[in-house]
Amino acid sequence: MRLPSSIFVSVSLFTAETTAALYLSSTYRSAGDQIWQGLTLLFTLVPSVLVQLTLTFIHRDLSRDRPLILLLHILQLGPIVRCLEAFCIYGSVGRVEEPYVSITRKKQMPRGGQSEEVERQVGQAEGKLFTHRAAFARTSVIQAFLGSAPQLTLQLYICVLQQGVSIGRGTLMVISLLSIVYGALRCNILAIKIKYDDYEVDVRPMAYLCIFLWRSFEIATRVVVLVLFSSVLQLWVLPVVLLNFLVFFLYPWILFWQSHSPFPENIEKTLTRVGTTIVLCLLTFLYAGINMFCWSAVQVKLNDPDLINKSQNWYRMAVYYMVRFVENASLLLLWYIYKTDFYNFIRAPLLVLQLLVAYAIAIFFMLVFYQFCHPCRKLFSSSMTQGLWDCSSLLCLMCTSASPQSRPMGKTVLELPSPSTRKEPPGERAHDSASNSTDDMPNDTTYDMLNDTVYDIPTETDNNIGGGINGDISHNVSCNA
């Protein structure tokens, strides 16, 4: 049984960031900066409350007689108590004989076109540790993108205005950046385990390193761009942020309404329709917060029983990074045009170039991860580079066909890969697809978002296969060559 080190890292970052934020808010109060003090406390207490609610919800403490645990959660000490409980469970393994065990079946990664199914006994203590790890993986994502990300943006903005970095502010910024990167890393690992729950996934150190570098460059660049833009165009930063947030918040709901699927009722049996709606709104709120700063590895799909899209769509990822790169470049251009003498102490053209190169480096490490370091790359039904190249060709084709000046005589047809012609490993069902023609077909297994269990569900035929979340491209695109 593995040491619950991920739980310890999550709790350490949570405790360190909360302590540093409380100390920094006290310095703001001493200096008379009540606005900065209020915002610093806001970005500390709100995610802390959400973390307590998430742990209580996943462990179902409201339906159990545990008043002391609930009191500690009210006092914002829940993560520390859960961490101690997890290590106590880990230390007691092997000392007491398990009264019963459960049998789990996992497939190994295919070798030579075949994969073997391995049975393993899981004791009660290991099952509890598994639930603790799953709970802290979700709270790390919540803390990262609903607390650490806005906190880092705020403190960097204050540093730009004051042209200085104090020890307390610098410490909080470093911890916040580490918390965001760790939350994004946990989001990536969580997405892999959800999509490939049938397989025994082994994430190697090189994969962790690639994810860490990818997310570090991507998030740091995004935060710096937003801070620079807001420092010269304060009134325009709010529409930019709200537009980004609303697009990603409403996107899953629009696709859900278009699919004409019934309202999800399998989230929690004790929840009413109003409670289920609140949980779904919080889920899409978190999804929008993640996409505000980086690409969300977990894609929300409300018309799926698991609420998660298990297919890997390269087209959507390519479009996201293209649009985000253009947006960052546009914001930097506006900052360069409207910057004042306040920025005479830096070389603006060099800074713009460095930020664009840093974002390109993030994309490079993302490509390296999916091409060489992804633990389940053998299950990909299509190459990531081929999918991104097809998407780029399609966008270039649309731009070329939209300009009447560049239309020569003659016709040519660009055929894109059809969903029916994709190749799958022998004897295995492909999990990822360059297109998303099977997004609306229910899987043979359902993933429980609360305790990471898998149970069988009947397979039914969906009538709206063509209305997938990513928009299938199954027809030929013609243009005048």
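A: A residue is called buried when its relative accessible area is under 20%, exposed when that area is over 50%, and partly exposed in between (1.4 Å probe, protein chains only). By this rule Arg-324, at 3% relative accessibility, counts as buried.

Q: What kind of model is this?

A: This is a predicted model, in which local features need pLDDT of at least 70 and side-chain atom pairs count only at pLDDT 80 or more, while totals for chains, interfaces and linings use all residues. Residues are numbered from 1 along each chain as its sequence is written, and side-chain values use heavy atoms, with hydrogens and water left out.

Q: How many helices and strands are there?

A: The protein chain has 12 helices and six strands. Helices (H or I, at least four residues) and strands (E, at least two) are DSSP runs, numbered from the N terminus.

Q: And how much of the chain is buried?

A: Of its 481 residues, 48% count as buried. The accessible surface of the chain comes to about 24500 Å², and 65% of that belongs to carbon and sulfur atoms. Such areas come from the Shrake-Rupley method with a 1.4 Å probe, and for residues only the protein chains shown count as cover.

Q: Which residues does UniProt annotate as "transmembrane region"?

A: The unreviewed UniProt entry gives that annotation to residues 36-58, 166-185, 235-256, 277-298, 318-338 and 350-372. UniProt positions are given in the numbering used here, feature names are shortened, and annotations may be inferred rather than shown by experiment.

Q: What does the model show over residues 318-338?

A: That stretch is 100% helix and 0% strand, with its end C-alpha atoms 30 Å apart. Residues 235-256 are likewise 100% helix and 0% strand, and there the end C-alpha atoms are 33 Å apart.

Q: New topic: how many salt bridges does a search of the whole structure find?

A: The search finds five. A salt bridge here is a side-chain nitrogen of Lys or Arg within 4 Å of a carboxyl oxygen of Asp or Glu. Side chains of opposite charge can pair when their charged atoms come close.

Q: Which residues does Glu-327 pair with?

A: Glu-327 forms a salt bridge with Arg-324, the closest N and O atoms being 2.4 Å apart. These two residues both lie in helix 10, three residues apart, about one turn of the helix. Glu-327 also forms a salt bridge with Arg-222, where the closest N and O atoms are 3.4 Å apart.

Q: Is Glu-327 buried or exposed?

A: Glu-327 is buried, with a relative accessible area of 16%.

Q: What about Glu-85 and Arg-82; how are they joined?

A: Their side chains meet in a salt bridge at 3.8 Å, N to O. Both lie in helix 4 (residues 78-91), three residues apart. Glu-85 counts as partly exposed at 24% relative accessibility, whereas Arg-82 is buried, with a relative accessible area of 1%. Arg-66, Arg-82 and Glu-85 are linked in a network of salt bridges.

Q: Let us turn to the nonpolar core. How many residues does the largest one have?

A: It has 86 residues, and those with the most contacts inside it are Phe-145, Trp-214, Tyr-321, Phe-369 and Tyr-370. Among the helices that each supply at least two of its residues are helix 2 (34-58), helix 8 (234-259) and helix 11 (348-373). A nonpolar core is a set of buried Ala, Val, Leu, Ile, Met, Phe, Trp, Tyr and Cys residues joined through side-chain atoms within 4.5 Å.

Q: Which residues is Tyr-321 in contact with?

A: Leaving aside neighbours within four places in sequence, Tyr-321 is in contact with residues including Trp-214, Trp-295 and Tyr-359. Contact means heavy atoms within 4.5 Å.

Q: Finally, where does Ser-330 lie?

A: Ser-330 lies in helix 10 and counts as partly exposed at 35% relative accessibility. Its side chain reaches the backbone oxygen of Val-326 at 2.8 Å.

Conventions. A polar contact is a pair of N or O atoms within 3.5 Å; within protein, one must be able to donate a hydrogen and the other to accept it, and residues adjacent in sequence count only if both atoms are side-chain atoms.
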